[in-house]
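Please open the model in your viewer and keep the selection tool at hand. The tour goes from one selection to the next and says what is found at each stop.

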Amino acid sequence: MMTNLFSIFDPTTSVLMLPMNWLSSFISLIILPYTFWLIPSRINMMWIQLTNFINKELKILINKNALGSNIIFTTIFIFIMINNFMGLFPYIFTSSSHMSMTLSLSLPLWMSLMIFGWMKFYSNMFAHMVPMGTPPILMPFMVMIESISNLIRPGTLAIRLAANMIAGHLLITLISSTGPSSSTILISLMILAQMLLLTLESAVAIIQAYVFSVLSTLYSSEIK
């Protein structure tokens, strides 16, 4: 039962020994032709409004003195959101439910921010280790706590995204697995419950992408 339950997250589909399920991460490329239309379609207009909204939200969080822009964080939000949504469709692999995918996003981003911060603003990075007003006797402990909290940031970003995507899919799979042996009334209730869960998962797909991009933006704003 447990093996069958988690088999929905197993990327075993392959052609010529090459894993094909990970190609679902690039399914978002199908929306690119819409951006080149002379007259924007409704999908393109909705996409423009969404990106403008996220761009305004993230611009508030980024420090004005920080170098760079929030284009990368908007791109991360769109990429994660599309992969989360694609996983809600039948027979489409959910790449964002795997740590190999989420950690590949969070770890390079965190490492690049740390390398840039320690090379350019090392004095300010040391200052972040000890908050203002900390008693001298507690300073060594605060340095240890801040260092540990800084080191686990990429892991928490990756685990949060993967765990939330896995939880919803497992719940939907558990409900649907009891369908064949249930009565008509229970099947009707399960269909209604799954419709509500899919609505909730659609919201979770957006929220988790937003949380990932917002936290990444906050981490980058600390480097100044």
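Which exposed residues does the face of H2 turned away from its buried side carry? They are Arg 42, Met 46, Gln 49, Lys 56, Lys 59 and Ile 60, where exposed means over 50% relative accessible area, buried under 20% and partly exposed in between, with a 1.4 Å probe and protein chains only.

Before going on, note that this is a predicted model, in which local features need pLDDT of at least 70 and side-chain atom pairs count only at pLDDT 80 or more, while totals for chains, interfaces and linings use all residues. Residues are numbered from 1 along each chain as its sequence is written, and side-chain values use heavy atoms, with hydrogens and water left out.

**The whole chain.** Of its 224 residues, 33% count as buried.

**Helix H2.** Select residues 42–61, the 20 residues of helix H2, which reaches 29 Å from its first C-alpha to its last, close to the 28 Å expected at 1.5 Å a residue, the expected span being 1.5 Å times one less than the number of residues. Now pick out Asn 44, Ile 54 and Leu 58, the buried residues of H2. Because they cover an arc of only 95° around the axis, they lie on the same side of H2; the arc is that of the directions from the helix axis to the C-beta atoms. What covers these buried residues includes helix H3 (71–86) and H8.

**Thr 74.** Thr 74 touches Thr 51, Ile 54, Asn 55 and Leu 58, not counting residues up to four places away in sequence, a contact being heavy atoms within 4.5 Å. From Thr 74 to Leu 58 there are 16 residues in sequence and 7.8 Å in space, C-alpha to C-alpha.

**The lining of the largest cavity.** Finally, select Ser 106, Leu 109, Trp 110, Leu 113, Arg 153, Pro 154, Leu 157, Ser 216 and Tyr 219, which line the largest cavity. A cavity is a set of points, on a 1 Å grid over the protein atoms alone, where a 1.4 Å probe fits but cannot get out, and lining residues have an atom within 4 Å of a point. Helix H4 (99–120), helix H7 (153–177) and helix H8 (184–221) each give two or more residues to this lining, and the largest share, four residues, comes from H4.

Technical notes
1 Å grid on protein atoms, 1.4 Å probe; cavity = no way out; pocket = protein on both sides within 12 Å on 5 of 7 lines; lining within 4 Å.
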